[in-house]
Amino acid sequence: MLLLSGVFAIRRVPNLSLAILAVCLAGSIAGCDREKEPDGQAGQGQANVSAGQAKSLGKFEYQIDRSHKGELAPAAAFKGPDDASVTLASFRGKPLLVNLWATWCAPCVAEMPTLDALAAKNGERMTVIAVAQDLQGAEIVDPWFQKAGLKALQPYLDPQNGLLDAANSALPTSIFYDAGGRELWRIVGAIDWQGKEAGALLAEAGVKPS
């Protein structure tokens, strides 16, 4: 990765064996389903939420799910910004917030600047990663990052949707893991990561946002 005039120029080897997923989920809250076609069209998705009540704050709609508390992070591999294979176990030792998103998912894109601000302010307290579920991988995600002007987040890729399959959820989904790699809670839908509600959840997890 090179830094040219303040813009990250990201080099990757394109993944030519991208799977086209045909499994669709029925909708329960506003969100994005899996990517169905290469042009990025998607339907409505279902969140596997057994606890918590849906909340709506302007353009942000989300549900808090605590039903997976204590579960160990999945072992699915995905690609890091350097194109190397990585798993969530690699991030143990510090609290981890994993955001599953896609460039074609409007709620995902809407919350991304607030997630980036959270990552920029709290890098010492916890790790924040955004893992794109776009089937085209770097071909579409890297240009999006170059244009987005994000300060802290880097492009992690999961074109095979291994993490989304493990979460059995819709996009966007954000999952908080403790330093030992066990889930505390997840948010299904988009939330303002600079808002009071997100701040309260992070404080509950022992992370007091800056």
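Author: Contact means heavy atoms within 4.5 Å of each other. Please keep in mind that this is a predicted model, where local features need pLDDT of at least 70 and side-chain atom pairs count only at pLDDT 80 or more, while totals for chains, interfaces and linings use all residues. Residues are numbered from 1 along each chain as its sequence is written, and side-chain values use heavy atoms, with hydrogens and water left out.

Reader: Thanks! What is the secondary structure of the protein chain?
Author: The protein chain has 4 helices and 11 strands. These are DSSP runs numbered from the N terminus: H or I over at least four residues for helices, E over at least two for strands.

Reader: Which residues of helix α4 are called buried?
Author: In α4, residues 196-204, they are Ala198, Gly199, Leu201 and Leu202. Buried means under 20% relative accessible area, exposed over 50%, and partly exposed in between, with a 1.4 Å probe and protein chains only.

Reader: How do you know where on α4 these buried residues lie?
Author: Looking down the axis of α4, the buried residues fall within an arc of 160 degrees, so they line one face of the helix. The arc is taken from the directions that run from the helix axis to the C-beta atoms.

Reader: And what do the buried residues of α4 pack against?
Author: Their partners are β4 (60-65), α1 (106-121), β10 (173-177) and β11 (183-189). Just after α4 comes Gly206, with a positive phi of about 90 degrees.

Reader: What makes up the buried side of helix α2?
Author: Helix α2 (residues 138-148) has Ala138, Val141, Asp142 and Phe145 as its buried residues. Down the axis of α2, they fall within an arc of 95 degrees, so they too line one face of the helix. On the other side of α2, Glu139 and Lys147 are exposed. The cover over the buried residues of α2 includes β7 (96-101), β8 (127-132) and β9 (155-157). Gly149, which follows α2, has a positive phi near 70 degrees.

Reader: How do you know whether Ile129 is buried or exposed?
Author: Ile129, found in strand β8, has 2% relative accessibility and so counts as buried. Beyond its neighbours within four places in sequence, Ile129 is in contact with residues including Phe78, Leu88, Phe91 and Tyr156. Leu97 is also in contact with Ile129; these two are 32 residues apart in sequence and 6.4 Å apart, C-alpha to C-alpha.

Reader: What about Leu164: buried or exposed?
Author: Leu164 sits in helix α3 (residues 162-167). Its relative accessible area is 2%, so Leu164 is buried. Leaving aside neighbours within four places, its contacts include Arg34, Leu100 and Gln133.

Reader: Why is a space called a cavity?
Author: On a 1 Å grid over the protein atoms alone, it is a set of points where a 1.4 Å probe fits but cannot get out. The count comes to 2 cavities of 30 Å³ or more.

Reader: Which residues line the second largest cavity?
Author: Ala73, Leu88, Phe91, Arg92, Lys94, Leu96, Tyr177, Asp178 and Gly181 do, because lining residues have an atom within 4 Å of a point. About 40 Å³ of space lies in this cavity, a volume filled by probe spheres set on the points.

Reader: Finally, how much of the protein chain counts as buried?
Author: Of its 210 residues, 47% do.

Notes: On a 1 Å grid over the protein atoms alone, a cavity is a set of points where a 1.4 Å probe fits but cannot get out, and a pocket is an open set with protein on both sides within 12 Å along at least five of seven lines; lining residues have an atom within 4 Å of a point.
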